[in-house]
Amino acid sequence: MKKHEAIERIKEHMRIHGIGQPPHVYIAEALNLAIDALENSDPAWKPCSAQLPKSGLIEESGHNKEYLVTVKRDSGYAYRTIATRIEGCWHTETGFDFEDDETIIAWQPIPDPYNPTKKVDHIVDANKKVDQTVATGSTSDGYHTFDELYRHRGILFALICADHKDIAWKSLKHSDGTMYPGMFLCGIDTPYGQATYHMDLNPFWNLIQVKELHAAPEWDGHTPDMALNRIAAMAADRFVPLENGVVED
């Protein structure tokens with residue numbers, strides 16, 4: 001599983017199971033920490049032969065941006081040190097050139113100094129008083145409950161799948177073999193990319209009569225907004241606007 005896929009799976013899991021509302025605040029904090037770690041993770045060493053940092057970058061302090069580098073000597077001995085990169089050339093931490101028999105072979109960014117007062121914006125502060133109202137499927141905005149809206153979405157998407165059976169599919173497994181308990185993945189391969197939804201097995205598995213795949217296609221990175229826009233684009237392709245309404249082409 002790729003890093004961006006892991007992040008989206010965590011976010012989808014939190015959304016499906018209502019994590020982020022009491023009494024799941026502590027779980028939400030742990031998962032958000034995991035998301036933050038994934039978003040800010042990077043391969044430790046970047047070979048200079050594959051990628052070099054930009055030259056002349058300046059820190060907020062006004063100093064040249066520093067990097068941790070691996071220096072290799074002609075003798076084969078290698079060591080780590082701090083370096084800057086100015087005008088396309090590596091320099092020592094004190095601004096001098098490296099020795100003629102030394103080559104920078106890899107580098108990595110140096111993390112920001114530890115700041116105990118800094119908080120990650122999307123992490124829930126568990127020390128703050130939280131509203132003890134728990135969001136459930138019965139929670140309503142005054143017009144519809146969550147459960148009602150999910151049923152509407154499921155039935156409407158079932159109708160879309162029935163109308164596009166040639167590009168629709170369902171599977172009990174993600175491409176990596178995993179799946180959320182009691183759910184399955186249903187999708188259509190639109191001309192603009194995938195549009196997929198996780199749906200409850202009961203009642204939607206039997207309602208949606210499309211081809212069943214052993215495992216879902218590999219996720220193409222689409223977000224919920226992208227899925228909605230792709231479906232909307234398909235709808236727009238089928239209709240020609242008229243002066244007094246819309247008629248199917």
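**A conversation about a predicted model**

Biologist: Where is Leu149 found?

Modeller: Leu149 belongs to helix H3, which covers residues 146–163. Together with Phe146 and Tyr150, Leu149 makes a nonpolar surface patch of about 270 Å².

Biologist: What is the mean pLDDT of the chain?

Modeller: The mean is 78, and 74% of the residues reach 70 or more. Residues 121–132 have a pLDDT below 50, and that stretch has 19 contacts in the model beyond near neighbours in sequence. The pLDDT is also below 50 over residues 245–249, a stretch with ten such contacts. Where pLDDT is low, the predicted coordinates should not be read in detail.

Biologist: Turning to charges, how many salt bridges does the structure hold?

Modeller: There are two salt bridges. In one, Glu102 pairs with Arg73, and the closest N and O atoms are 3.1 Å apart. This pair links distant parts of the chain, as Glu102 is in strand E5 (residues 102–109) and Arg73 is in strand E2 (residues 66–73), 29 residues apart. Glu102 is buried at a relative accessible area of 12%, whereas Arg73 is partly exposed at 32%.

Biologist: And which residue forms a salt bridge with Arg230?

Modeller: The partner of Arg230 is Asp220, with 3.0 Å between the closest N and O atoms. Here helix H5 (residues 224–238) supplies Arg230, and Asp220 comes from the loop between strand E9 (211–213) and H5, ten residues apart. Arg230 is buried, with a relative accessible area of 12%, while Asp220 is partly exposed at 37%.

Biologist: What about Thr196, buried or exposed?

Modeller: Thr196 is buried, because its relative accessible area of 17% is under the 20% cut-off. Thr196 sits in strand E8 (residues 193–200).

Biologist: Which side chain does a polar contact join to that of Thr196?

Modeller: It is the side chain of His222, at 2.8 Å. Beyond residues up to four places away in sequence, Thr196 touches several residues, including Trp169, Leu185 and Ala227.

Biologist: What about the backbone: which phi does Glu87 have?

Modeller: Glu87 has a positive phi of about 50°, although it is not a glycine. Most residues other than glycine have a negative phi, and most peptide bonds are trans. Glu87 lies in the loop between strands E3 (78–86) and E4 (89–92), and Glu87 is exposed at 75% relative accessible area.

Biologist: And the peptide bond from Asn202 to Pro203, cis or trans?

Modeller: That bond is cis, with omega near 20°. Pro203 is part of helix H4 (residues 201–207).

Notes:
Residues are numbered from 1 along each chain as its sequence is written. This is a predicted model: local features need pLDDT of at least 70, side-chain atom pairs count only at pLDDT 80 or more; totals for chains, interfaces and linings use all residues. Side-chain values use heavy atoms; hydrogens and water are left out. pLDDT is the predictor's confidence in each residue, from 0 to 100. Contact means heavy atoms within 4.5 Å. Helices (H or I, at least four residues) and strands (E, at least two) are DSSP runs, numbered from the N terminus. Buried means under 20% relative accessible area, exposed over 50%, partly exposed in between (1.4 Å probe, protein chains only). A polar contact is a pair of N or O atoms within 3.5 Å; within protein, one must be able to donate a hydrogen and the other to accept it, and residues adjacent in sequence count only if both atoms are side-chain atoms. Patches are made of residues with over 30% relative accessible area and no salt bridge: like charges are joined within 9 Å, nonpolar side chains (Val, Leu, Ile, Met, Phe, Trp, Tyr) within 5 Å. Accessible areas come from the Shrake-Rupley method with a 1.4 Å probe; for residues, only the protein chains shown count as cover. A salt bridge is a side-chain nitrogen of Lys or Arg within 4 Å of a carboxyl oxygen of Asp or Glu.
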